[in-house]
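Here are my notes, as numbered points. Please read them with the structure open.

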Amino acid sequence: MPSSAGQFLQNALSRAGIPTRADGDGGSEYIAISAGAHGLIMIGGVTGRAKENETRYRPSEHEGWEAVYYPDTKNDDGNFRVFYQSSNPDLAQDTIHLVKAVQDTIAVP
């Protein structure tokens, strides 16, 4: 098992052929995925839970993923949509559902 829930997710996204990069600041950590010419997907722990906006926590501490799609980060107008939000503590199952949601979002931005 990977050392963090975020690494588990990055491995699953990599196996699905989806490139990722780490993103965040001192108070948050995300997995970022480019989507389209200027779009971006940001993934972290689900809002309202102990691991909100985090990815580097033990797999056993997983409380759900949240993924947000920003269609045009070049013109940062605050336009975004949450396309995946879960409170599923089963990291493997939740990650499978999230990867599918990412694939669907990338296919039809």
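**Notes on the predicted model**

1. I start with a glycine. G44 is buried, at 3% relative accessibility. Its place is in strand β3. Please bear in mind throughout that this is a predicted model.

2. What does G44 touch, apart from its neighbours within four places in sequence? The contacts are E29, Y30, E54, T55, G64, W65 and E66. One of these contacts, W65, is also among the residues with the most contacts inside the largest nonpolar core. For a sense of distance, take K74. G44 and K74 are 30 residues apart in sequence, and their C-alpha atoms are 21 Å apart in space.

3. Now the sheet. It is open and has five strands, in the order β1-β2-β3-β4-β5. The pairing is antiparallel. β1 (21-25) and β5 are the edge strands. Each has a single partner strand, so one side of each has no neighbour in the sheet. From one strand to the next, the twist averages 30°.

4. Look at β4 next. Is this strand largely enclosed or left open by the rest of the structure? It is largely enclosed, because five of its six residues are buried. β3 and β4 run antiparallel and are joined by six bridges. β4 also pairs with β5, again in the antiparallel sense, over four bridges.

5. Some partners can be followed across these strands. M42 stands opposite V68 in β4. V68 in turn stands opposite V82 in β5. I43 has A67 in β4 as its bridge partner. As a general point, side chains in a regular strand alternate between the two faces of the sheet.

6. Two helices belong in this picture. α1 lies across β1, β2, β3 and β4, and runs at about 10° to β2. α2 packs on the sheet and touches β2, β3, β4 and β5. The direction of α2 makes about 150° with that of β5.

7. The largest nonpolar core has 22 residues. L13, I43, W65 and V102 have the most contacts inside this core. At least two core residues come from each of α1 (5-15), β2 (28-35), β3 (39-45), β4 (65-70), β5 (81-85) and α2 (91-107). In soluble globular proteins, nonpolar side chains tend to be buried together.

8. Which residues does L13 contact, leaving aside its neighbours within four places in sequence? They are I18, T20, I31, I33, I43, V99 and V102. I43 and V102 from this list are also named with L13 among the residues with the most contacts inside the core.

9. On to charges. Side chains of opposite charge can pair when their charged atoms come close. How many salt bridges does a search of the whole structure find? It finds five. One of them joins the side chains of R56 and E29, at 3.1 Å from N to O. R56 lies in the loop between β3 and β4 and E29 in strand β2, so this pair ties together parts that are 27 residues apart in sequence.

10. K51, R58 and E61 make up a network of salt bridges. In the K51 to E61 bridge, the closest N and O atoms are 3.4 Å apart. Both K51 and E61 lie in the loop between β3 and β4, 10 residues apart. For R58 and E61, the closest N and O atoms are 2.8 Å apart. How is each member placed? K51 is buried, with a relative accessible area of 18%. E61 is partly exposed, at 24%. R58 is exposed, at 52% relative accessibility.

11. One backbone detail is left. N53 has a positive phi of about 60°, although N53 is not a glycine. N53 also sits in the loop between β3 and β4. Its relative accessible area is 21%, so N53 counts as partly exposed. The cut-off for buried is under 20%.

Methods. Residues are numbered from 1 along each chain as its sequence is written. This is a predicted model: local features need pLDDT of at least 70, side-chain atom pairs count only at pLDDT 80 or more; totals for chains, interfaces and linings use all residues. Side-chain values use heavy atoms; hydrogens and water are left out. A nonpolar core is a set of buried Ala, Val, Leu, Ile, Met, Phe, Trp, Tyr and Cys residues joined through side-chain atoms within 4.5 Å. Buried means under 20% relative accessible area, exposed over 50%, partly exposed in between (1.4 Å probe, protein chains only). Contact means heavy atoms within 4.5 Å. A salt bridge is a side-chain nitrogen of Lys or Arg within 4 Å of a carboxyl oxygen of Asp or Glu. Two strands pair if DSSP finds at least two bridges between them. Axes are lines fitted to C-alpha atoms, for helices over the stretch in contact, and angles run from 0 to 180 degrees between N-to-C directions.
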